[in-house]
Amino acid sequence: MSNIPVEIFIFLLAFISTAFFTLFIKKLLKYADVKDNPIVTEHSHKAGTPTMGGLAILLGVLLLACIFYTDKSLVLTVMIMMTAGIVGLMDDLIGLKTKEIQKVIRNISPNPVEIGRLTIKTGENARVTTPKAKKDLENLLKNNLVEITGEAPIKSEIKENEKILAQILVSLFLVASGAVGASVLGFNIGLLIIPVVIFGIIGSINSVNLIDGMDGLAAGILAIASAASAIFAISTGNPSGSLPFIILTGACLGFLVFNRYPASIFMGDTGAFALGAGYMTAAFLGDIVYFAVIVIAVPIFSVIVSLLHRAHIIKLPVEPLHHTLHYKGLSEKKIVLLYWAATIIVCLIALYGYKVL
């Protein structure tokens, strides 16, 4: 407990430096006209908000790594974050190009209409995305069942298999370091640790990336989960394993100063990839993977729901889940608070279950 003041100092340093860098990067991005074009029609009012703000998070953690350069776990965590951030940055740059313009329609008939996989009630809006929906649109327009109310620009994106390949390469940087032991949950699994690391990094990156769709959602959840992981590491006699999590907590909250609703900057894939990779790297290096996975149950659940939707097992009007909740009428602020609250509850249950609280 004697080290608590030092840990608070480290947290404050990460918080203040990231908040400062976020302000700095936001001005640069505005000057460079690097802005977001949301594909969700309900978020069209956010068009023009600077994106790629994850650069500020990277600068914040990089400064701390320079200060505490003797801590190998922290330096390696930041190196993996930088690697993942560069991959995410490439994705963000590609996303600045518009791939296509999709129609936005409204049901003007007295009855629900089907288009693609969606059933639209009277007065509801929807974006025409799939080839089937585009074919259905022709008949719906001929029969005066819908009207076109606008257009939505769709970003260019790297193919999913190319994204996964890039994420595998990021995870191989961690494998190549040799810093991850072969023990998981007390079992020595030898070379099987390699696919475990790869799966862990890919899963974490995609979980964070998927929930990065509303103001402060991803940064808030990662701040809460990182804080819980830091508390767990300290309470189990692993103070060195807590340092990366303390810095991640401060960095996320520092970014949240400008990313909370209404956000004046978005982290983009630059930030989502970096945070996802950094969080799981810290978990592997601190040997608390089991706990770290539990406390990000909310984004993991969101990924599972999206996978079930893509496998046609369930049907969402809008993907991912938080956009469906918004589509159903829940405000963005309430959804973010709901996700934060759920994460806090999961963290408290996990800490209590491990007899930390």
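Contact here means heavy atoms within 4.5 Å. The model is predicted: local features need pLDDT of at least 70, side-chain atom pairs count only at pLDDT 80 or more, and totals for chains, interfaces and linings use all residues. Residues are numbered from 1 along each chain as its sequence is written, and side-chain values use heavy atoms, with hydrogens and water left out.

Leu174 is in contact with Leu76, Ile80, Val180, Val197, Ile201, Thr281, Phe284 and Leu285, leaving aside neighbours within four places in sequence. The largest nonpolar core has 80 residues, and Leu174, Leu275 and Tyr279 touch the most other members. Apart from it lies another core, of 11 residues, including Val113 and Val146. Such a core is a set of buried Ala, Val, Leu, Ile, Met, Phe, Trp, Tyr and Cys residues joined through side-chain atoms within 4.5 Å. In soluble globular proteins, nonpolar side chains tend to be buried together.

**Burial and helices**

Buried means under 20% relative accessible area, exposed over 50%, and partly exposed in between (1.4 Å probe, protein chains only). Helices are DSSP runs (H or I, at least four residues), numbered from the N terminus.

| Residue | Relative accessible area | Class |
|---|---|---|
| Gly268 | 9% | buried |
| Ser17 | 7% | buried |
| Ile194 | 31% | partly exposed |

Gly268 lies in helix α9 (residues 268-285). Beyond four places in sequence, Gly268 touches Thr51, Met52, Asp92 and Asp212. Ser17 sits in helix α1 (residues 4-32). Its contacts, not counting residues up to four places away, are Gly60, Leu63 and Leu64.

Helix α7 covers residues 217-235. Of its 19 residues, 15 are buried, so α7 is largely enclosed by the rest of the structure. Expected span is 1.5 Å times one less than the number of residues. For α7 that gives 27 Å, and the end C-alpha atoms are 27 Å apart, which agrees. Gly237 follows α7, with a positive phi near 75°.

**Surface patch**

Leu165, Leu169, Leu172, Leu191 and Ile194 form a nonpolar patch on the surface, with about 470 Å² of accessible area together. Areas come from the Shrake-Rupley method with a 1.4 Å probe. Patch residues have over 30% relative accessible area and no salt bridge, and nonpolar side chains are joined within 5 Å. A salt bridge is a side-chain nitrogen of Lys or Arg within 4 Å of a carboxyl oxygen of Asp or Glu. Helix α5 (residues 160-177) gives the most to the patch, with 3 residues. Ile194 belongs to helix α6 (residues 193-211).

Methods. Helices (H or I, at least four residues) and strands (E, at least two) are DSSP runs, numbered from the N terminus. Patches are made of residues with over 30% relative accessible area and no salt bridge: like charges are joined within 9 Å, nonpolar side chains (Val, Leu, Ile, Met, Phe, Trp, Tyr) within 5 Å.
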